[in-house]
Structure formats: structure tokens, C-alpha cells
Amino acid sequence: MAALACDDHPLVRAALALVLEDIVGLPVLTAPDFAGAWAHAEACDAISLIVADLHMPGIGPIEGLSGLRQRAPNAKIVVLTGSDSDEDLMAALALGIDGFVPKSVEPGVVEAALRLVMAGGRYLPARLAELASQATCAAPIAPSAPDHAALPPAETTLGRLSSRQRDVLDQMVRGRSNKEIARLLGLSPATVKTHIAHIIAVVGASNRTEAAILAREQGLV
């Protein structure tokens with residue numbers, strides 16, 4: 001098994017490869033564009049996780065992602081991009097990707113989101129879920145077609161959080177800082193930060209504040 005990091009910026013690509021190596025504990029292939037990623041996918045049928053930028057020189061984003069899906073049908077695909085375009089979000093959703101992570105999120109969120117995907121979950125920003133809901137409301141009702149991007153039930157989301165992470169979430173919603181949470185729960189600031197990154201990924205937020213808001217909206221606290 002292997003992972004594939006695809007980004008046209010060398011520093012981003014190298015950093016992403018290090019994160020993937022730590023997460024999967026397996027060899028990490030790298031590519032600067034979709035053409036290179038396609039070549040790796042054709043040559044290696046053991047790729048289990050692909051993380052790719054959306055806009056790179058050469059092949060367009062839709063064709064690029066579609067080509068990856070065709071060449072690596074069993075791999076989990078996560079888009080890591082600087083684009084926040086609604087069109088890009090919906091196009092990625094339509095292709096059935098496993099995660100869409102904006103590059104603007106906090107550093108720990110990227111790793112938490114990738115771990116979530118590897119564990120069988122799906123990371124979608126709140127904006128993507130909102131767009132999907134709007135599209136569902138506007139389209140004819142099709143009972144047999146599941147709404148893949150709808151916000152998950154509270155029970156499902158809570159099931160992805162440990163009891164300690166739920167404690168941290170409760171304190172986050174109360175507006176307490178990381179230091180205050182660490183002191184109240186008897187944790188180190190670093191541990192609190194790790195828990196918060198996981199929480200942000202699980203609820204589909206981009207940052208700490210949005211995670212607290214979504215937690216309330218989803219009835220998690």
C-alpha cells in the first residue's frame with residue numbers, strides 16, 4: 001500500500017508527504033500535477049490515499065480528479081486546495097471525493113481530516129454541506145438517492161469523538177481558551193490542541209470558532 005501527494009508547489013508537496021508518511025506509515029509517492037499523479041496511479045495499484053490540489057498547471061481539476069478516480073478506484077481521495085469557489089466545491093462533491101480541505105484551515109486540521117478519512121469518515125466543510133442541501137431542495141425529490149453531504153446526525157458525530165474530546169468540545173462551546181480548558185480538564189495545552197484539531201475535522205469546520213458554532217447547530221452539546 002502507498003499514499004500519493006499531488007501539489008504543484010514543491011514545499012507544500014514535501015510537507016504533505018511528511019504528514020502522509022506519519023499517518024499511513026507507508027511509502028509516499030509525489031507528483032507536481034495531475035498527469036504525474038495519473039502515471040503513479042497507473043503504475044501502482046496499491047495506492048490507498050490520494051491528496052491532491054485542485055488547480056495545477058496542465059490538466060483541469062474536473063478531468064484531473066475524474067482521471068484519478070478511474071485509475072485508482074479503491075483509493076480515498078482528498079482535495080487540499082486554496083480555492084473556496086462554490087463551483088469547485090460542488091464539482092468535487094459530484095465526483096464523490098472523501099474529503100475537501102481548504103488550505104486556510106489551521107495546520108492540525110489537515111492531519112485530523114486525513115486521519116478521519118483513513119478511519120472511514122468523510123471531511124466536508126460546512127459550506128459544502130450547505131450547498132448540497134440547497135441543491136437537494138431545488139432538485140426533484142428522489143427517495144432512493146442518499147444525501148451524501150448532509151450534516152451527519154449528532155449520534156454519528158459524537159461517536160467519532162472520545163469522551164475526553166467531548167469534554168473539550170463542551171468547554172470550547174462555552175468560549176474557554178485552550179489554556180483554560182487544559183487547566184480545567186487537567187490536560188497539557190498540546191493535548192488540548194490535538195483534541196480541538198480532531199473536533200474541527202469531525203464536525204466539518206475550518207477553524208475553532210466555526211467548530212463551536214456547528215456543534216451547537218448539530219446539537220452536539
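User: At the start of helix 2, which residue has the backbone nitrogen that a side-chain oxygen of Asp33 reaches?

Analyst: The model is predicted, so that local features need pLDDT of at least 70 and side-chain atom pairs count only at pLDDT 80 or more, while totals for chains, interfaces and linings use all residues. Residues are numbered from 1 along each chain as its sequence is written, and side-chain values use heavy atoms, with hydrogens and water left out. Helices (H or I, at least four residues) and strands (E, at least two) are DSSP runs numbered from the N terminus. At the start of helix 2, a side-chain oxygen of Asp33 comes to within 3.4 Å of a backbone nitrogen, that of Ala35.

User: Which residues of helix 2 are buried?

Analyst: Buried means under 20% relative accessible area, exposed over 50%, and partly exposed in between, with a 1.4 Å probe and protein chains only. The cover over the buried residues of helix 2 includes strand 1 (2-6), strand 2 (28-31), strand 3 (47-52) and helix 3 (61-71). Within helix 2 (residues 34-43), the buried residues are Phe34, Gly36, Ala37, Trp38 and Ala41.

User: Which residues does Ala41 contact, leaving aside its neighbours within four places in sequence?

Analyst: Ala41 is found in helix 2 and counts as buried because its relative accessibility is 3%. Its C-alpha lies 9.5 Å from that of Ala75, a residue 34 positions away in sequence. With contact taken as heavy atoms within 4.5 Å, and sequence neighbours within four places left aside, the partners of Ala41 are Ile47, Arg71 and Ala72.

User: How far apart in space are Gly67 and Trp38, C-alpha to C-alpha?

Analyst: Gly67 belongs to helix 3 and is buried, with a relative accessible area of 3%. Although Gly67 and Trp38 are 29 residues apart in sequence, their C-alpha atoms are separated by 6.8 Å.

User: Is Asp98 buried or exposed?

Analyst: Asp98 sits in the loop between helix 4 (86-94) and strand 5 (99-102). Not counting residues up to four places away in sequence, Asp98 touches Arg69, Ala75, Lys76, Ile77, Val117, Gly121, Arg122 and Tyr123. Because its relative accessibility is 17%, Asp98 counts as buried.

User: With which side chain does the side chain of His195 make a polar contact?

Analyst: His195 lies in helix 10 (residues 189-203) and is buried, at 14% relative accessibility. Residues that His195 touches, apart from those up to four places away in sequence, are Arg164, Gln165, Val168 and Leu187. A polar contact is a pair of N or O atoms within 3.5 Å; within protein, one must be able to donate a hydrogen and the other to accept it, and residues adjacent in sequence count only if both atoms are side-chain atoms. At 3.5 Å, the side chain of His195 makes such a contact with that of Gln165.

User: Which residue has the backbone nitrogen that the side chain of Gln165 reaches at 2.9 Å?

Analyst: Gln165 is placed in helix 8 and is buried, with a relative accessible area of 11%. Beyond four places in sequence, Gln165 touches Arg160, His195, His198 and Ile199. The backbone nitrogen that its side chain reaches at 2.9 Å belongs to Ser162.

User: How are helix 8 and helix 11 oriented to each other?

Analyst: The axes, which are lines fitted to C-alpha atoms over the stretch in contact, with angles running from 0 to 180 degrees between N-to-C directions, come within 9 Å for helix 8 (residues 163-173) and helix 11 (residues 208-217) and cross at roughly 100°. The contact is made by Leu169, Met172 and Val173 of helix 8 with Arg208, Ala211, Ala212, Ala215 and Arg216 of helix 11. Angles under 35 degrees count as roughly parallel, over 145 as roughly antiparallel, 65 to 115 as roughly perpendicular and the rest as oblique. Helix 8 and helix 11 are therefore roughly perpendicular.

User: At what angle do helix 9 and helix 10 pack?

Analyst: In this pair, Asn178, Ile181 and Ala182 of helix 9 meet Pro189, Val192, Lys193 and Ile196 of helix 10. Helix 9 and helix 10 are roughly perpendicular to each other. The axes of helix 9 (residues 178-185) and helix 10 are 9 Å apart, and the packing angle is about 110°.

User: What percentage of the residues in the protein is buried?

Analyst: The protein has 11 helices and 5 strands. Among its contacts with a separation of 6 or more, 65% are between residues 24 or more positions apart. Of the 221 residues in the protein, the buried share is 46%.
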